[in-house]
Amino acid sequence: MRNYLIKSLWLISLMLIFISPFNGFAEQNVRIHGFVSQGYLKSSSNNFLAETDKGTFQYNDMGLNFQYFTGDKVSIGAQLGARDLGDVGNDKVGVNWVYGDYKWRDWLGFRAGIMKASSTLYGENRDVDSLHTWIIMPQSLYNEQQRDASQGLKGISLYGNIDMASMGMLKYDLRMADLQVGLDSGTAQTIIASGGVSSVTDISFDTLYAWSLRWKAPIDGLQVGADGAMTGGLFQAISPNPYYDPTNPLFGPETLNISIDTKEVLSTSYSLEYVYRDLILTTEWSISDQKVAYYVTGTPPGSYTKTKATSYYFSASYRFLDWLEMGTYYSKSVADDDERGPDNELKDICLTTRFDITDNMTFKLEAHSMKGTYGVSAGDDGSLDDSWNLFGAKVSYNF
Amino acid sequence: MNMKHSFKTIILSLFVFGLISPLWAMAEDVIVIANKSVPQSSLDADIVKKIYVGDISIWPDNTTVVVTIMDKSDFHEDFLTKYVSKSKSQFKATWKNIMFSGKGPYPKQFDNVDDLIKFVTNTTGAIGYVNASASPADVIVLK
């Protein structure tokens, strides 16, 4: 916590020092924006993302960003942010992004620093609640617990918008980066929940190579996207020794140091969005391939298990009035295409209503009908229900 | 009989004119203006649309586009309908997405037509829109 605060204060100071000589242009070239959202989640049974069985307010996001535009195609900016989602985040302040940007032409630009992932249609600003119809975005593509893995990419990016005249506009983004994922991250929590380990002691990722393409077709309102990312990772964890016997030392210690090696992790996604007046129709598909080996640290990895998971969603939203929007989606998350059963998938039918109270403030109400328990924890009574409901409410403000 | 027929024709004409005149007025209601530094040939409806959805931010002469809006005006929605093909909420969401990812500034907002014209007139690369009755001088007007 202390490190985060120190880092944040240092960054704010640096920004203030940087912009102070340009105060004369402050109104035009320096921008400061922010957002804050507070949600409430309650499930009929089970715990999902947080302690939802009894109802929880541990669901909030906040961010403050500073941007300086030189007016000569160069900009620098940073965003400090904090979030809370059950055991994830706990409102610790950290750097969401901080990067320098040089746009030589519209079709070629360069960024360096800590960036958010640009993959999927709505992934880049999923922390800004007021930019979306939903409270909980479709978990098949936007896994809320693993959001930290899509933010804090430290590296470089080549990007551009290629104007193809009558053929539309092609946007691209090529990235090479290191993932900044901490031991208190949602990714670590996911490993604990799914890997049978009691704690994660170290996380190291291989360099991430990612690409993103968006084609705005000549048909008004139609956008097609494709994204890919390739990486690997090694996680060190502590696991209870299932054979432990205090009376027989031959069965080893009470806990074991476990290594979880993931390699050839390839994630691709495909997107289609069509906007007609106030109607927005979207579908996105995600395919994840990886090889995983669990082994006692210091021993050979042995064989790797190959898994493939295909997840997708369809959504529709319509704005009836300036202040009223409604939407629905069907989302299916899959852990492994070769497996069956309720613990291998999560099907979600969502219905949401969004009220724009002012230009900067929104209030949302949302209901989910869920089938399956993939990514779901047992309820307070210790049981897992295959068929359950989730309700949410969220208020957001941005400036 | 002829007089009666003429009367009917006049009433019908007035009625039809009454129906279409708001549409006609709406179509003429808003004009796009740009700073004189902007190459005249680069200003057409397609470019205006791409600028106002954030896809183009540099003019062909390599100067930065400075986007201005009058989102509180009664012609803002007409402009979006005519040039951008987006609703007010979609337009706002598009620019907030750009803004919150650090990829560009939110368009400069004006409440007053004269202030916007003055800014566009004096700012290299600036583009904006005003109601047609404003009759701005010293700027390029999209024909």
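How many bridges join strand β5 (residues 108–115) of chain A to β6(A)? Seven bridges join these strands, which run antiparallel. The close-ups below start there, in a predicted model.

In this predicted model, local features need pLDDT of at least 70 and side-chain atom pairs count only at pLDDT 80 or more, while totals for chains, interfaces and linings use all residues. Residues are numbered from 1 along each chain as its sequence is written, and chains are lettered from A and ligands numbered from 1 in the order in which they are written.

**View 1. Strand β6 of chain A and its partners.** Helices (H or I, at least four residues) and strands (E, at least two) are DSSP runs, numbered from the N terminus, and two strands pair if DSSP finds at least two bridges between them. Look for A:Y159: its bridge partner in one direction is A:G109, and in β7(A) its bridge partner is A:D173. β6(A) pairs with strand β7 (residues 169–179) of chain A in the antiparallel sense, over 11 bridges. Five residues lie between β6(A) and β7(A) in the hairpin that they form.

**View 2. Two loop residues of chain A with positive phi.** Most residues other than glycine have a negative phi. A:A165, in the loop between β6 and β7 of chain A, has a positive phi near 55 degrees. A:D91, in the loop between β3 and β4 of chain A, also has a positive phi, of about 60 degrees, although it is not a glycine. A residue is buried if 20 or more other C-beta atoms (placed from the backbone) lie within 10 Å of its own, exposed if 12 or fewer, and partly exposed in between. A:A165 is exposed because it has 8 other C-beta atoms within 10 Å, whereas A:D91 has 13 such neighbours inside 10 Å, so it counts as partly exposed.

**View 3. Where chain A touches chain B.** Two residues are in contact if their C-beta atoms, placed from the backbone, lie within 7 Å. Here 29 residues of chain A are in contact with 19 residues of chain B. On the chain A side, β4(A) gives the most, with four residues. By class, this side has seven nonpolar, nine polar and 13 charged residues. Ala, Val, Leu, Ile, Met, Phe, Trp, Tyr, Cys and Pro count as nonpolar, Asp, Glu, Lys and Arg as charged, and the others, Gly among them, as polar.

View 4. Chain B has five helices and five strands, and one of the helices is α2 (residues 45–52), where B:I47, B:V48, B:I51 and B:Y52 are buried. Seen down the axis of α2(B), these buried residues fall within an arc of 125 degrees (taken from the directions from the helix axis to the C-beta atoms), so they line one face of the helix. They pack against β1 (30–34), β2 (66–69), α3 (76–84) and β4 (126–131) of chain B. The face turned away from the buried side carries the exposed residues B:A45 and B:D46. Just after α2(B), B:G54 takes a positive phi of about 85 degrees.

**View 5. A stretch of chain A to read with care.** The predictor's confidence in each residue, pLDDT, runs from 0 to 100. Chain A averages 90, yet pLDDT stays under 50 over residues 16–26 of chain A. Where pLDDT is low, the predicted coordinates should not be read in detail.
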